[in-house]
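User: Hi! Could you walk me through this structure?

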Amino acid sequence: MAKIGIFVGTMYGNALLVADEAEAILRGQGHSATVYEDPELNDWRQYENDYVLVVTSTTGQGDVPESIAPLFQSIKDQLGYQPGLRYGVIALGDSTYKNFCGAGKHFDALLTDQKAVRVGDMLMIDANDYPEPEVVSNPWVESWGALLK
């Protein structure tokens, strides 16, 4: 089964809740999954030829939360090319803001530019429609986990 790093960018804990639920689901499917709440580049590098799942909320004007911003910048500045990496993104946001799910979209764009391969579609969860995001994320994670080898 797959080795998966779950990298969390959270403000108020919702993204961490989604990540913890994802970890349990993926482990239940037989995968090896680990959540990184304050992720660093060395954590990310362990998955260069495996899978990562980015679970992030969005702050300000579509910005990456402080808890994951240093990792985002390090990936951008130091890695550059990641063709062996396969990834998924769960983005949490609020559609009343102009840059809905901006942090997740930034991660997706960065990883695409670095030639990483996205598995499945990015999941964008609107806090206005789903105050309990795991209601939407759990079925998505089950489907996503089934795509992994």
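Analyst: Happy to. Helices (H or I, at least four residues) and strands (E, at least two) are DSSP runs, numbered from the N terminus. This is a predicted model, in which local features need pLDDT of at least 70, side-chain atom pairs count only at pLDDT 80 or more, and totals for chains, interfaces and linings use all residues. Residues are numbered from 1 along each chain as its sequence is written, and side-chain values use heavy atoms, with hydrogens and water left out.

User: Which residue just after H4 takes a positive phi?

Analyst: Helix H4 covers residues 102-113. Just after H4, a positive phi of about 70° is taken by Lys 115.

User: Is Ile 125 buried or exposed?

Analyst: Ile 125 sits in strand E6, residues 123-126. Buried means under 20% relative accessible area, exposed over 50%, and partly exposed in between (1.4 Å probe, protein chains only). Because its relative accessibility is 2%, Ile 125 counts as buried.

User: How far apart in space are Ile 125 and Leu 111?

Analyst: Leu 111 is one of the buried residues of H4. In sequence, Ile 125 and Leu 111 are 14 residues apart; in space, C-alpha to C-alpha, they are separated by 20 Å.

User: What does H4 span from its first C-alpha to its last?

Analyst: The expected span of a helix is 1.5 Å times one less than its number of residues. H4 has 12 residues, with 16 Å expected, and its reach is close to that, at 16 Å.
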